[in-house]
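This report describes selected features of one protein model. Please consult the sequence and the structure while reading the sections below.

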Amino acid sequence: MTCWRLDSGSASLVLAGQNGRLALAYLGARLPKDVMPDWRPPPVPPNSPDDGAGAVTLWPANGWGFGGEPGLTADGHPDLRLVDAVGDAASLRFHMSCKDSSLLLDVQVRAEQGLFVWQVRLTNNGTAPLRCDWLASLALPLPGWVTTATLYGGRWAGEWHETRVPLFEGSIVRQGRGGRGGFGGAGYVGLDDGQASETSGQCLAAHLAWPGDGRLCIETRPDGTAQLQMGVPGAVMIAPAEKFMPPPVLLAMSGQGRAPIRAAFHGWLRAARAASGVGQGPRPVHLNSWEAMYFAMDEARLKALATSAAALGVERFVVDDGWFQGRTDDRRALGDWAPDSVRFPAGLGPVIAHVRGLGMGFGLWVEPEMVSPDSDLARAHPDWVLGLASRSQPTQRQQWMLYLTRPEISDHVFNMLDNLLMDNNIDYLKWDCNRDIFPAADSRAPVLAMLALIDRLRAAHPHVEIEACASGGGRSDFAMMTRCARLWPSDMTDPLVRWSIHDCMGLFLPPEVIGAHVGASPNPISGRRASMLFRARAMLAGHLGVEADPARMTDSDRATLASEIARWKDWRAVLATGAMHRLEAGEGAAGWLCVASDGATAVGIIASISGTGALEQTVQLHGLSHDSSYVVTIPKPWPSRTPLHPDWADGRTMTGAALMAHGIALPLAQPESAFAITLSRIIP
């Protein structure tokens, strides 16, 4: 038996090889230097294969004694045996092969920014094409302490629902079938010991970095052992000498609760974005025109909206759907990407010049993968529509998808966008995808074509930032976030719904990538009414923006919104680099705290988000230095009916030990109210 160890952040991974198979020997809190776990192969149960092939291993195979979910399903259900392993302190690589070496599987695990990054590659060394029906990007036996899974799913305007499920004998399976991974719920999963909190308990979390369909399976066998598999569903044909590499899975482990999980995912994505030049520099406050005017736009209205946006402190003005030729509703004109000649007789130039003159950047909404049946493009090229020859072309949202895998179609879309950016002073594109990928034999190819198109556009226009939007949060994955400056997590701007969405997705995604816009009251989707102070503060843990029309606000609401925008600008450097912590308060209360990377400052929000509100809530803070003292300030305005002591506005001195052990007590007497909080460490 040989063991291999890899450390990443606060976790250690130990894999063991025996009888040609790869087993999990340890996955847990970081082991002391040069220490290996006391692991032995489990005894072979009665009435099982004598060589132990019935046990859960990495990438197990059916038909060779294992009766569970296989990690690889290909022609002949090959039994892959470990033939070689190489590694160093940063990575391990395992080579697995079938008996005649016609099929090779390389499994690489890299230690990066506190995560374990799993990448597999399948090679067809045979003489005939190979059909691969399933290759898991990750097929991992689970540690025995895992008892509970946290699943993420949702729908339009209700993304990122969290569901906790105890593991049971059988399988928990999630699979996306719409071609947009954000709604299918198979791209993210959490696993824990059933008692994990923000700061205690054993946890795992994994993410399939892919914007299309995914498949997630958590299988618990009759003997109590379990495994996790994640990957992209759908058969793939692999030609002789060809290699197939599915997307990677990122895995984090913590023995101290969810905070280290969050830190690892945020740190990895921030480093990857910096390496690819995505979303760097201070994030500008947005105003997006959609809820302010929908399709009722023209040059004069947009100029007026831009003027009122600049008065609030907005730094980027984004014109949403409705600007192009004939686009008066959502039933027509997708694909005809030229400014409407009636509403913009001089093109977009005068609007852009006005926006630039106000000191703001200019952005534009596009949906390049789509075409409306009622469009010049569809009439000229009916064969460009994605579909199957044997079926009619069904619409969704009154639109079709373009067959981007065909070079002439991808070139047409690129040239359209390229000309639009060369002819206009645009520094931002909101890239939308408002329908599922169907009918198609496999959604994998259209997703790859979309990613290639974004890469091509970024290479041609490196100064242009792109926002990932897909009916809201349909594409909220790391493959997109290493290409796009931010994502639009939901078309729902209701502050209570958004609080829940941001809270769930914030375990994986850092605040600077989460578009968070202050909407109107009543909310145009939910109908809920909320104060401007609560609407604004509910959005401060993201990339702040405005979706409502400032001209329709009261003077008081405009002043409040301008004040909170200024506050966010003061906070954004901390939010873009600091460590986020979820604050666990009493019933009906919630909060977050972001601690700067140097520990000198921290900012956050504590809110009453449900029920009637308690007379007082004591909230423990996290992430501070136990031995330091801090000046704690709760700046006005204060939402509570019960006023705070006046010295909170000027700052109280408290120790980090007291703030984390005992916390601070706030009179959260009103539901849907929120306090801001800032901390400054006192230097001895």
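## The Second Largest Pocket

The second largest pocket has a volume of about 370 Å³. It is lined by 22 residues, and those closest to its centre are Trp-290, Arg-397, Asp-432, Asn-434 and Asp-491. By class, this lining consists of eleven charged, nine nonpolar and two polar residues. The model examined here is a predicted one.

## The Largest Pocket

The volume of the largest pocket is about 970 Å³. Its lining is made up of 41 residues, and Trp-39, Pro-42, Ala-55, Val-56 and Thr-225 lie nearest the centre. Of the lining residues, 25 are nonpolar, twelve are polar and four are charged.

Strand 2 (11-18) and strand 3 (21-29) each contribute at least two residues to the lining of the largest pocket. Strand 3 gives the most, with seven residues. The loop between strand 2 and strand 3 holds Asn-19. Although Asn-19 is not a glycine, its phi is positive, at about 55 degrees. With a relative accessible area of 48%, Asn-19 is partly exposed.

## Cavities

The structure contains eight cavities of 30 Å³ or more. The largest cavity has a volume of about 210 Å³. Among the 17 residues that line this cavity, His-502, Asp-503, Ala-541, Met-580 and Trp-592 are the closest to its centre.

Helix 2 (258-276), helix 10 (495-505), strand 31 (579-584) and strand 32 (589-595) each provide at least two residues of the lining of the largest cavity. The lining residues comprise nine nonpolar, five polar and three charged.

## A Parallel Sheet

Strands of a sheet pair through backbone hydrogen bonds, either parallel or antiparallel. In this model, an open sheet of eight strands shows parallel pairing, in the order 28-27-26-23-22-21-30-29. Strand 28 (486-487) and strand 29 (515-518) are at the edges; each has a single partner strand, so one side of each lacks a neighbour in the sheet.

Strand 22 (residues 316-319) and strand 23 (residues 361-366) are paired in the parallel sense over four bridges. Within strand 23, Leu-364 is the bridge partner of Val-319.

His-543 belongs to strand 30 (residues 543-546). Is this residue buried or exposed? His-543 counts as buried because its relative accessibility is 0%, and the cut-off for buried is under 20% relative accessible area.

A polar atom of the His-543 side chain lies 2.6 Å from the backbone oxygen of Pro-284. Leaving aside neighbours within four places in sequence, the residues in contact with His-543 include Arg-283, Pro-284, His-286, Arg-486 and Trp-568.

## Backbone Features in Loops

Two cis peptide bonds may be described here. One joins Phe-438 and Pro-439, with omega of about -15 degrees. Pro-439 is located in the loop between strand 26 (428-431) and helix 8 (444-460). Another cis bond runs from Ser-521 to Pro-522, with omega near 5 degrees. Pro-522 is placed in the loop between strand 29 and helix 11 (532-537).

Tyr-294 is not a glycine, yet it has a positive phi of about 50 degrees. Tyr-294 lies in the loop between helix 3 (290-293) and helix 4 (299-312). Its relative accessible area is 34%, and Tyr-294 is therefore partly exposed.

Technical notes
Residues are numbered from 1 along each chain as its sequence is written. This is a predicted model: local features need pLDDT of at least 70, side-chain atom pairs count only at pLDDT 80 or more; totals for chains, interfaces and linings use all residues. Side-chain values use heavy atoms; hydrogens and water are left out. Buried means under 20% relative accessible area, exposed over 50%, partly exposed in between (1.4 Å probe, protein chains only). A polar contact is a pair of N or O atoms within 3.5 Å; within protein, one must be able to donate a hydrogen and the other to accept it, and residues adjacent in sequence count only if both atoms are side-chain atoms. Contact means heavy atoms within 4.5 Å. On a 1 Å grid over the protein atoms alone, a cavity is a set of points where a 1.4 Å probe fits but cannot get out, and a pocket is an open set with protein on both sides within 12 Å along at least five of seven lines; lining residues have an atom within 4 Å of a point. Grid points are joined across faces, edges and corners, and a volume is the space filled by probe spheres set on the points. Ala, Val, Leu, Ile, Met, Phe, Trp, Tyr, Cys and Pro count as nonpolar, Asp, Glu, Lys and Arg as charged, and the others, Gly among them, as polar. Two strands pair if DSSP finds at least two bridges between them.
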